[in-house]
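Good morning, and thank you for joining this group meeting.

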Amino acid sequence: MKNIYKPQEAIVEDIIVESSTIKTFVLRLKEPFEFRTGQFVELTLPGIGEAPFTPSSDPNIKNKIEVTIMNVGRVTSLLHTSPKNISLGLRGPYGKGYPLDRFEGKDILIVGGGVGLAPLRSLLFSMFAEIDKYNKVVLRYGARTPDDIIYKESIPGWAKIKKVDVVTTVDVGDAKWKGNVGLVTTILKDLPVDLKNAVSIVCGPPIMMKFATLKLLDFGFKPQDIFLSMEKNMSCGLGKCGHCRMGRYYVCKDGPVFTYEQLKELHDIWD
Amino acid sequence: MHQIYYIESNQLNILSRKLKKDYRVFFPVTEEKNATKKTDYSYRELTVNEPFVFNPYRTVEPLKTFFTPPLDKAAEYFNQEGSIEDFPKIIIFGVKSCDIVGHKVQDFVFLEGVEVDSLYRLRRENIIFISSDCTDFKEVCHCLAWEILPYPTEGFDLNLSPLNEGYLVETGSKKGEELIQQYKEFFVIAKDTQLTARKVKRENLIERLKKHLLPQHLVSKDIVQRLIKEGYNLDTWQQFMLTCVECGGCNFICDTCHCFLLMDKKEGNINKKLKAWDACLYTNYAKVAGGANPLKTRTRRLRFRFTKKFDFFVDNLGMPACCGCGRCIEVCPGKIDIREVLKDLAKKLSVKT
Ligand code: SF4
Ligand code: SF4
Ligand code: SF4
Ligand code: FES
């Protein structure tokens, strides 16, 4: 019987610098591995520690995943100073991921903040691969500064895909920045979506998720049509260790994607 | 379906030593020699010539220590881990009704859900519970308040009820029945008069326990979830938190608390994942790498422990995760009493208990 705590080995094939605090790690798996977009994995720095991440790559690519990681804690800062070709441990995939079948035939609004675009990139790739299934894909992305924007080279290309509409903004611009300046909520108006047939998907820092959700409710989205990626302290990823509990749910096994309808009665969800 | 047998005390002494051949045998012992004094019992492994000790109520330590020790090896990785080590067969005597009910929570967490914890399952399969009726109780005992009787009715392999110079032995599982068959020369079928005597003894203890509990006006099973939900924003949490020193004792000693943290360690060339008990009363329990901490105050952490027990588990398992063993009350250096916390909610919400 399999040991659920034992990670498989993944080799860091490449490391891509996205911003001064964010890198994307390209991992090659030794054993067959598949995930659904929005599911997460636990990455182990051998002998040191483990942390949860949602892959940012296309789930249609097998045996290779990309994980975009911000340098924020003990494990991530050590990962950021690690060289290529080291082995990491990988457990998962865990959680439910995005219910793509519920998105088909709809106007899809995707709202990202900062490194929160990482899981959303995986979602975007899945949608781009079958773009005919969706009415349109509208991306609204905000980062703190132009340097904090991730996937800088790719975003202009996404905007050129048919049915895809992209607007970005930064909280604080710099000399070279010619685009929008303001919080992501400032670009959540006059949204080109038909509310009767639309869903929205939000991922970013808790405070951004909170205000984006309020804005979307205001705009007219129904709570069951707002999908949120929740972040909580996680250890096991399997609904056993207790850490990620939010009300009656475990974020690891019942989420990490929830509709606002599921969460709206719970206390302190944005803390 | 449950068969009931009788065994004499001196025969049980001999049997428990025989069992040592095939099992590691644990049973509760006390340092206190005076049998009339209330004292604490702890599990110890049976050595060769000890007489069998009957514990009138539960042990100090929770049953979960046999299944998830405080620091456990969860996995080795990047090497060919030998198939999971052979786990010795264990018999535990003296398990009480509250322990068995509390243990349902551990079983639910580790045996059900998205995946099974294979090490837990291995241990579960290799451990035999020989439970026993309570013949006395501690001040903190409040099983009855949760509608749990002070004698086991299910979930045991064998159950002992002391009677005169021996014990009635009830089978509760196939494992238990097989054990009896293996040593059938030690047992006789119980007589009806003995069964009646057991019933009387059990009823007497329930009466005594009721006398102890009724004046306390404890919160009952059917209103507890409502109290927790409606009392979320009361100042109860703030008040009771004041004496909490965040030792985690209430979590560690509780038979239903199951939280753990996976940790990584290198020993020589071997990478290991360890599973260490964790406590939701600890400051960093819910802190995320970025620094946010939804449980940043003691008030929130104390409340979290209660919402887990009386809201989360009622929703997810259909029962509150408290069996009334009172261990957390005894252990708390801050004198925080779970009975009083719940009663305070009821009082402030004007709900009759
Ligand atoms: S709580 Fe009840 S079952 Fe548990 S030891 Fe006390 S009297 Fe016995
Ligand atoms: S909460 Fe306290 S009384 Fe209830 S099962 Fe846990 S230790 Fe026993
Ligand atoms: S045992 Fe008491 S003092 Fe220790 S963490 Fe629990 S409530 Fe706080
Ligand atoms: S991460 Fe362990 S229960 Fe969710």
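**Two ligand sites and one interface**

The space taken by ligand 3 is the second largest cavity. Here a cavity is, on a 1 Å grid over the protein atoms alone, a set of points where a 1.4 Å probe fits but cannot get out.

The model is a predicted one, in which local features need pLDDT of at least 70, side-chain atom pairs count only at pLDDT 80 or more, and totals for chains, interfaces and linings use all residues. Residues are numbered from 1 along each chain as its sequence is written, chains are lettered from A and ligands numbered from 1 in the order in which they are written, and side-chain values use heavy atoms, with hydrogens and water left out.

The residues around ligand 3, those with a heavy atom within 4 Å of it, include Cys244(B), Cys247(B), Cys250(B) and Cys332(B). Leu281(B), Pro333(B) and Ile336(B) are also among them.

I turn to ligand 1. Its surroundings include Cys98(B), Cys134(B), Cys141(B), Cys143(B) and Cys325(B), as well as Tyr57(B) and Arg58(B).

Finally, the interface. Chain A and chain B bury about 3700 Å² between them, 56% of it on carbon and sulfur atoms; buried area is the accessible area (1.4 Å probe) that two parts lose on being put together, summed over both. Of the area that chain A buries against chain B, Tyr5(A), Lys240(A) and Arg245(A) supply 20%, more than any other three residues.

How many salt bridges does the rule find across the interface of chain A and chain B? There are 6, each a side-chain nitrogen of Lys or Arg within 4 Å of a carboxyl oxygen of Asp or Glu. Arg300(B) and Asp268(A) meet through their side chains in a salt bridge, at 3.7 Å from N to O.

Technical notes
On a 1 Å grid over the protein atoms alone, a cavity is a set of points where a 1.4 Å probe fits but cannot get out, and a pocket is an open set with protein on both sides within 12 Å along at least five of seven lines; lining residues have an atom within 4 Å of a point. A molecule sits in a cavity or pocket if more than half of its atoms lie within 2 Å of its grid points.
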